[in-house]
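Student: Please take me through one part of this model, the contact between the chains, in some detail. I'd like the terms spelled out as we go.

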2 protein chains.
Amino acid sequence: MAVVVTGPADDRPVRWRCEAVDGEARAGWLATPHGTVPTPCFMAVATCGGLKGVTAEQAKGLGQGVMLANTYHLALRPGAERVHRLGGLHRFAGFSGPWLTDSGGYQVFSLAAQRKIDEDGVSFRSHLDGSALRLTPEESIRIQRHLGADIIMAFDECPPSDAPEPVVEAAVGRTARWLARSVAAWRSEDGPGGHRHQALYAIVQGGTVPRLRAASAADALTHDLPGYAVGGLAVGEPLEARNVVLDQVVPLLPADRPRYLMGVGTPLDLVEAVARGIDQFDCVLPTRMGRHGIAYTDDGPLRLKRAEHAESTAPIDGATASEAGALPRGYLHHLLKAGEILGGQLLSIHNLAYYRRLMARCRAAIRAGRYAAFLAEFRSRYRE
Amino acid sequence: MAVVVTGPADDRPVRWRCEAVDGEARAGWLATPHGTVPTPCFMAVATCGGLKGVTAEQAKGLGQGVMLANTYHLALRPGAERVHRLGGLHRFAGFSGPWLTDSGGYQVFSLAAQRKIDEDGVSFRSHLDGSALRLTPEESIRIQRHLGADIIMAFDECPPSDAPEPVVEAAVGRTARWLARSVAAWRSEDGPGGHRHQALYAIVQGGTVPRLRAASAADALTHDLPGYAVGGLAVGEPLEARNVVLDQVVPLLPADRPRYLMGVGTPLDLVEAVARGIDQFDCVLPTRMGRHGIAYTDDGPLRLKRAEHAESTAPIDGATASEAGALPRGYLHHLLKAGEILGGQLLSIHNLAYYRRLMARCRAAIRAGRYAAFLAEFRSRYRE
């Protein structure tokens, strides 16, 4: 009997279509209910439903493809039901393109001092007012359904990079059990906002332990999901260690599904991960570093508060087209020294434009079959 | 012999052309070396060369006509020569439309505790680091020449609203002597950046004393200048007192020159002053109040931090077109409560759009000969 190779299941709300492969690197298109974006893509982080210092209209103008918001923060304030009543993330925040929400799993790591894990879920003490927030796989999915993103994430346990192997192993086990519950909760909703409208991604954990990464990936693959994420990186490990994990894990993921590396990273981190087959990224760096007076360039971060820029009529990098890119460095330096919020806004705009352009250059290199050369050139020039 | 009515002197770099008059109110066009803008017009305040929370491109998109910057602040940081070397305000700050710079005279009032006045000028102690800044009429004009605005202001002495009459009288005398020196300094520069490229406006002082206002206006008119400003208002006096001053002073100013009311004000202040023949305004209120969570509407300031807006899907006013105007109030409320700078940015955008639209409505009412009705309707609805 002939083997029937089936295409994507018909009810998958988010699909990734491959356009070109070059080594492990891939260029493609991510189709969502709110638009199709080219990959590799960088997703800007709007933790509380808004980018810090950049409006949704500006983000659109910069070609921002996907916006990311946080379950934990929005559940605490203003509450998922309220976001839902205000029209869901797309209308609430005035960004009509695709959204992704994380599950709160990352806060299990980042807010370790304020939470207690048990088998059923995690109890947080709010970073705002100390009130209690209980997240379980079911509750995380319920919240994310109310937020209404196109892509939602399974609730996972993310251990720190220096966790002992038994701790990582326990987290992998729990992540697997929580994934099954996340999937069940996701599939149980058939109507509006259910699994036909939101795509659930699984998250592969396992730290830097190959055996555990393999086990976590194998478990995730037992669920036929629209996308797969690599979690538990960018939590303190060196770039080298991260690359080793990606070299091992990415080939274990299905070739026809989008692959999302969570919380990464610097421009160099991104081009390294693209080389290893990652399609989606998110990170607070472009806006956070922008607020701190840092502009990303091919040569590395440019610290515009430094006195050497005070008299400079040169643009940031002369290549990244944005409102900030048309201004003299001396002006940006002045705004930053004067403590004007406009300085941070303009550098955030530049950084988002730079990241966007970097992803477009990765795509072009992949399509031209010269990604290895692009990567080598980028590595040789970029300095932290 | 027939009286020859001459048009504007040929070397006047800024001219105002009347389009319609309705009572004392006037609609027209202000032509500058960097573009022609409709009047009445509101000029947004970019104290240090940048709007707080709104980029120059956004300002352009909102139809912002003229941008205002401050001599005192820019002289201290980054220094006028540096702004000049970085291309002057237009290129420095990336706003290619018309600019106006004040003279530092307002800081004689607002920084009263940090300055000493003598007949020659004013010695400031910097609000930044306590260093000395000396402003004289000649130095103020020199700085403004370096900043490169289209409209520059004479250096004046602005007394507080509760100053005794002898103090106001002394300030009027000094303002007259400083105006003569400002004019001489302005006319002395014939080349690039001189009086053929920058328009000097005189400032009429005199507090709320009709005799002193008349004397100050008469003195200002002895200099045939491209424009005339009413200063020394919006310094603590009630709106009623201000309207009385405008009723008296504006008719003393030449009908063919633009009239600028400095530092005013709220939407109601503006429509009242337009009724009295003012063409240009500036004020920090739209951006400052925006940062504090307040949106201007025809009904008065809307305080979006209030709990009543938390669940509101209504737009701010349903009439002012801007990015902020398309968002639900509940989202703006959320951003403000969460301390997200984006909230203040969006309300600043709304407020600038509202002021712009208000000026356009004033123009339309004047052109239609129904300004009195427009004013009456506005007064009856607007509540502080």
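Tutor: Happy to! Two residues are in contact if their C-beta atoms, placed from the backbone, lie within 7 Å. This is a predicted model, in which local features need pLDDT of at least 70 and side-chain atom pairs count only at pLDDT 80 or more, while totals for chains, interfaces and linings use all residues. Residues are numbered from 1 along each chain as its sequence is written, and chains are lettered from A and ligands numbered from 1 in the order in which they are written.

With that in hand, 35 residues of chain A are in contact with 35 residues of chain B. On the chain A side, at least two residues each come from α3 (80–85), α12 (329–337) and α13 (341–367); helices here are DSSP runs (H or I, at least four residues), numbered from the N terminus. The largest share, five residues, is supplied by α12(A). Sorted by class, this side of chain A has 16 nonpolar, 10 polar and nine charged residues. Nonpolar covers Ala, Val, Leu, Ile, Met, Phe, Trp, Tyr, Cys and Pro, charged covers Asp, Glu, Lys and Arg, and the others, Gly among them, are polar.

For context within chain A, its domain assignment gives domain 1 (24–283) and domain 2 (293–351), with bounds from an automatic or database domain assignment. The C-alpha centres of these two domains of chain A lie 31 Å apart. Their contact takes five residues from domain 1 of chain A and six from domain 2 of chain A. The domain 1 side of chain A has three nonpolar, two polar and no charged residues there.
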